[in-house]
Amino acid sequence: AVKVENKEAKWIESHLRDLAAQADRFCMPVYSDFLDTAGQEILLSMQKQLGVQVALDGGYEGAERRMASFCPPFFYGDEEISYPILCLEICLQGARFLKKKPQHRDYLGAVLGTGLDRRKIGDIVLTEEGAVLFVCEDIAGYLTENLRQIGSADVTLRPYTGDLSQIGGSGKEILISVASLRLDAVLSHGFGVGRTEAADWVRAGRVQINHRPCGKGDAPIEAGMILTVRGKGRLKILEAAGVSKSGRTHLRAERFG
């Protein structure tokens with residue numbers, strides 16, 4: 001398994017270098033397909049060596065899978081970058097009458113069952129009527145024509161016309177009380193799990209701070225940070241809300257997922 005992972009990591013690194021070289025050679029933005037957190041970590045670790053500007057975007061704030069852009073040095077500002085990402089709405093037929101609605105794995109399995117490469121698919125966010133799906137523009141038409149069913153439910157696809165800033169829904173405001181402003185402690189109280197489990201998430205590479213992978217359980221946490229745990233959701237630290245008499249710090253946060 002380690003050899004397979006190392007081989008995949010080397011391919012990703014080589015591929016990203018090639019894309020950066022293309023951006024520099026042709027003096028124009030070049031884009032990758034969607035990168036998972038491991039691929040993003042590889043990119044961020046090598047970006048200073050690439051000689052071009054690097055940025056990431058998944059189509060909405062808080063996206064886990066994101067596309068990389070490589071821009072020549074003379075490109076400045078987001079106005080020059082137009083990521084080839086399309087958001088599709090997957091509508092379940094008769095959603096309100098389904099005894100059990102499809103889950104994330106059902107949507108992903110059906111999408112990949114059409115023969116598409118996983119790298120062409122970004123995040124899938126569940127909604128009341130189905131889901132929204134972020135994909136590379138070049139496969140949107142194919143998917144719209146070929147995805148007809150999720151589990152036992154018939155579906156239709158159409159471009160999403162809603163507000164992308166509302167993707168993922170609103171969060172639940174919570175108050176966290178911690179003895180130490182370190183990552184594993186905040187995750188433990190923020191997601192209602194034991195400190196050991198939170199530390200295991202960090203060690204397993206499932207945690208990001210401000211969309212960048214973090215493998216240090218003692219990483220300092222402060223207001224404004226977004227903590228993402230793959231498969232669990234994300235936590236936005238809104239503000240420090242004071243210190244108790246016992247010295248514990250209170251944090252006001254918003255939890256999603």
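## First stop: two crossing helices

Select H5 and H6: their crossing is right-handed, a label used when the near helix is turned clockwise from the far one by less than a right angle, with left-handed used for anticlockwise. Before going on, two notes on the model. It is a predicted one, where local features need pLDDT of at least 70 and side-chain atom pairs count only at pLDDT 80 or more, while totals for chains, interfaces and linings use all residues. Residues are numbered from 1 along each chain as its sequence is written, and side-chain values use heavy atoms, with hydrogens and water left out.

Helices (H or I, at least four residues) and strands (E, at least two) are DSSP runs, numbered from the N terminus. H5 covers residues 183–191 and H6 covers residues 195–203. Two packed helices are described by the angle between their axes and the distance between the axes. Here the axes come within 8 Å and cross at roughly 120°. Axes are lines fitted to C-alpha atoms, for helices over the stretch in contact, and angles run from 0 to 180 degrees between N-to-C directions. H5 and H6 are therefore oblique to each other; under 35 degrees would count as roughly parallel, over 145 as roughly antiparallel, 65 to 115 as roughly perpendicular, and the rest is oblique.

Now show side chains. On H5, pick Leu183, Asp184, Ala185, Leu187, Ser188 and Phe191; on H6, pick Arg195, Ala198, Ala199, Trp201 and Val202. Those residues make the contact, meaning heavy atoms within 4.5 Å. Colour them by class and you get eight nonpolar, one polar and two charged residues. The classes run like this: Ala, Val, Leu, Ile, Met, Phe, Trp, Tyr, Cys and Pro are nonpolar, Asp, Glu, Lys and Arg are charged, and the others, Gly among them, are polar.

## Second stop: the three-stranded sheet

Head back towards the start of the numbering. Select S1, S3 and S2, which form an open antiparallel sheet in that order; strands pair if DSSP finds at least two bridges between them. S1 (30–35) and S2 (53–57) stand at the edges with a single partner strand each, so one side of each has no neighbour in the sheet. Neighbouring strands are turned by 20° against each other on average, direction ignored.

Zoom in on S1 and S3 (residues 66–71): they pair over four bridges. What is the bridge partner of Leu35 in S3? Click on Arg66.

Cys27 sits in the loop between H1 (2–26) and S1, and has a positive phi of about 55° although it is not a glycine. Its relative accessibility is 42%, so Cys27 counts as partly exposed; buried is under 20% relative accessible area, exposed over 50%, and partly exposed in between (1.4 Å probe, protein chains only). Asp36 lies in the loop between S1 and H2 (37–46) and is also partly exposed, at 36%. Draw a C-alpha to C-alpha distance from Asp36 to Leu50: the two are 20 Å apart in space and 14 residues apart in sequence.

S4 (residues 85–92) and S6 (residues 130–136) pair over seven bridges, with Ile85 bridged to Cys136.

## Last stop: around S14

Show S14 (residues 249–256), where Thr249 is found. Is Thr249 buried or exposed? It is buried, at 15% relative accessible area. Leaving aside neighbours within four places in sequence, Thr249 contacts Ile176, Ser177, Val178, Leu181, Gly242 and Val243.

S14 pairs in the antiparallel sense with S9 (residues 172–178) over seven bridges, and with S13 (residues 233–243) over seven bridges. Select Glu254 in S14: Glu173 stands opposite it, and Lys236 has it as bridge partner. Finish at the S13–S14 hairpin, with five residues between the strands and Gly247 in the turn at a positive phi of about 90°.
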